[in-house]
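Good morning. I will go through one structure today, starting with how its chains meet and then turning to a single chain.

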Number of protein chains: 2
Amino acid sequence: MRAAIRLLSGERPVNSFPKTAANYRELTPLSYVERAAVVFDDSPAVVDGDATRTWAETFARCCGLGDALRREGCGRGDVVQVMLDNTAEMVEAQHGVPMSGATLGCVNTRLDAATVAYVLEHSEARVLVADARYAGTYGPALAALANPPRLVVVGGPGATYEAFVASGDAGSGFVRPRDEWDALAVNYTFHCNGWGFPWTLPAVGGANVCLRDVSADAIADAFVAARVTHLCGAPVVVRTAIEAAAATRAARGGERAAPLRMMTGGAPPPAATLRRAEAAGLDVTHVYGLTETYGPATLCQPRAKWAALTDAAAAEKRSRQGVAHAATGGVDVLDRDTGAPVPADGATMGEICFRGNIVMKGYLKDAAATAAAFRLGAFASGDLAVKHADGYVQIKDRSKDIIISGGENISTVEIEAALMEHDDVEECAVVARPDAHWGETPCAFVETRAGATLDEASLLAFAKGRLAGFKAPKSVVFGALPKTSTGKIQKFALRDRARAL
Amino acid sequence: MRAAIRLLSGERPVNSFPKTAANYRELTPLSYVERAAVVFDDSPAVVDGDATRTWAETFARCCGLGDALRREGCGRGDVVQVMLDNTAEMVEAQHGVPMSGATLGCVNTRLDAATVAYVLEHSEARVLVADARYAGTYGPALAALANPPRLVVVGGPGATYEAFVASGDAGSGFVRPRDEWDALAVNYTFHCNGWGFPWTLPAVGGANVCLRDVSADAIADAFVAARVTHLCGAPVVVRTAIEAAAATRAARGGERAAPLRMMTGGAPPPAATLRRAEAAGLDVTHVYGLTETYGPATLCQPRAKWAALTDAAAAEKRSRQGVAHAATGGVDVLDRDTGAPVPADGATMGEICFRGNIVMKGYLKDAAATAAAFRLGAFASGDLAVKHADGYVQIKDRSKDIIISGGENISTVEIEAALMEHDDVEECAVVARPDAHWGETPCAFVETRAGATLDEASLLAFAKGRLAGFKAPKSVVFGALPKTSTGKIQKFALRDRARAL
């Protein structure tokens, strides 16, 4: 076979070459798992309870799943939804669904039946792969649909997943994307596929250590038994991981465990939490992003010169959202009206905006919302921030969380960070409370540490010593904080409570 | 400003989104240096003798160079050639030339004037940035051309480079590629731009430590003074680095230096060299590739299970070319006639072929050579190899280096590796010697270690103890080996000598 190379006309010689099968290939993370099956064939890919599978085994199972989905009629443009915990099957779905050519959706397992039905219908899902433990949700959801997807059940007496995977030809290879612009995944919640990390682990031959439930005991067990080196989680998981790291070290008679690196995002980690993590031997990198940016899109890159700072000053630096990572096209803080970058003065507020290939293609079947999000020629995150002189960005608030008191913009994040410095404060959240005179005033909801005897007056005095007068909370409410399934504080519920005070 | 999002018709919803300025950006390594100017602003970017520049300074100078080239009329489709050693200006050219939109060419500084003239004319170079020390070469080359490129001289009394860089606006930013398929570089020799690494260093905030001349003393100085952690070089440079590492350790009173990682390629490193490197504290990764694959395209990924092997067996594994790295689209050993993959039996020979985005666009102005190289639907390297059961490929010979003796294919690499096991052998090369009876027989050229008193008979006996009879050399010639400027042995010269024996 002899290939004819036809040069591109109208181009200068160095740019006259056409793309060929030899020198062009559409990018896909499936290349990593294909390579891992050779390069890391007998290395562990998935550790799920007592079961461990290698990369060679996992690749074969993913190919089987992909081929079974193809035989079910799934291909380019189709959507396959899964409703799974962090399990071996979830790892297989990350690779196996795209291997069929279809687009992967991960349904939040905490949703109610009506919302699950909406997601299945809106995404036009052809197949639903679901853990039997969620039958109480997906059962009614499927029953409510005129054209329900084919159901494949994982676990339980009626399980069909293993037979489904076995029905595919594991040696059939997989479908490469026709165009690298094709959708890999569609996400309806913040569950953006493990922040994209399941696709990257085969690139480095790492193992996915699966935990169904996030508890300090389970994490500590995984630290020891599976020799975990890296993990990700919201700040609330950092606190759990700190406990686990401490327990792990205690179990080893005080011996320092292997280096443990953690990424945290979802909310700016309070400086106090970062300090406690460091003391526990947990090396925390603060990242920031949204489902719309594939997960993390900035990181607070530590700098050597920060070593000269006081602990508090260094921790403050580390709580910033930071800078673009190497694959982020660009991040900046833009004026919300003009789209111009704000000055790097650490004071002028604007909206954090992203440009580049890590930004979503758009909101499915919602051209208006997509156009609004891209109105500045970049993806507008909805987060209000400043840019410091060193180029690091720092969130001051979600646009809807900002408090406007007497015409002054007040950052609730700044107040929360100040309150977290108090030793008796376990967690807190600040929201706007309507005020006849000022319009709004800051109202703090505070969860104290076990055994603490903190009262409103002393906490308010503490806050006034650290914040400008107009920023200090005017009222404090003690008690447990309402949270989402992922550990995010439900500020809308607190706003309701503040209005009722 | 409100962007209108027009959906792609004829596509399913998940694939209906167009590319926009927010979510699509052509890939370019210039993104790394742009980011480094913010994220690693005050970290060293270039260490050249006593001079050190930060990433912020280097980025500004690159932008200045790019803008100066634009003012000179350089842009997309134009070629800018440089004739420089490993210096700060070479690092600046790697980024600054593409910043103008032009394509970068690096002329081998050891070429003669006639060849330099050919390269400048064939590539239609608009500008030549050259070190004054090569005036004896580029002077006559430019004089021989009807339309010589504009000359910018680095160093010496008539230097114009600094003024040229200063004439550009360092704050002007740079030209992004119109299409990521546009040519970044054009290469006429194996000098493929530092194997591509100068483009990656800003991604990790590393510093380029520049050495004009590669000597053990200069390398040892750099190990100590600039705290070098990573280096690349042909096996001949590994030997120099081993000396340097030993000297460095001796200078520290036997203290082990910081971890030192080295990539080597250009020829399969003999197992004996790998063992000596390990003993000297040099962690060597064996990589393989060609200028046509942007430099390294496979690596001999070390496996945990090799720890159970004998030293010799592990060193043999480590001398293999290995597997695709994470960015290589694919590597395989293909039958040279049918293009089918050879069986993974460690015995059947075929040609190492590459597919993917690391493969060159083609040979400039040579469509026939391009078509021949891509004839198997992949880039055919010209290297003959086997594929082992674990998927690792191993070169047996360059197609033109193979010896065919009595109808048997003999790998010269295999014979060379056997001879290198002898303690008195410093370096060796085996070529075919015409033989009336066998057609060809192996002839070994051997450079002995200082002070060694090795004779032909004892070396032949040593070889027969390690190789099948038909593979053992039939003749040995002692003496210095002829080499290219990059340390590669000139086998064509040895073939001439063997013919004349």
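**How the copies meet**

Of the interface residues in chain A, 100% are interface residues in chain B as well, so the two copies meet through the same surface. Please keep in mind that this is a predicted model.

Now, how are the copies placed? In general, two copies of a chain are related by a rotation about an axis and a shift along it.

Next, chain A by itself. Its secondary structure consists of 15 helices and 22 strands. For 501 residues the globule rule gives 23 Å, and the radius of gyration of chain A is 25 Å, close to that value, so chain A is as compact as a globular protein of that length. Along the principal axes, its C-alpha atoms fill a box of roughly 80 × 65 × 50 Å.

What about contacts inside the chain? Taking contacts in chain A with a separation of 6 or more, 65% are between residues 24 or more positions apart.

How much of the chain is buried? Of the 501 residues in chain A, 52% are buried.

Last, the charges. Chain A has 52 positive and 57 negative charges, and their mean positions lie 4 Å apart.

Notes: Residues are numbered from 1 along each chain as its sequence is written. Chains are lettered from A and ligands numbered from 1 in the order in which they are written. This is a predicted model: local features need pLDDT of at least 70, side-chain atom pairs count only at pLDDT 80 or more; totals for chains, interfaces and linings use all residues. Side-chain values use heavy atoms; hydrogens and water are left out. Helices (H or I, at least four residues) and strands (E, at least two) are DSSP runs, numbered from the N terminus. The radius of gyration is taken over C-alpha atoms; the globule rule is 2.2 Å times the number of residues to the power 0.38. Buried means under 20% relative accessible area, exposed over 50%, partly exposed in between (1.4 Å probe, protein chains only). Contact means heavy atoms within 4.5 Å. Lys and Arg count as positive and Asp and Glu as negative; His and the chain ends are not counted. The place of a charge is taken as NZ of Lys, CZ of Arg, CG of Asp or CD of Glu.
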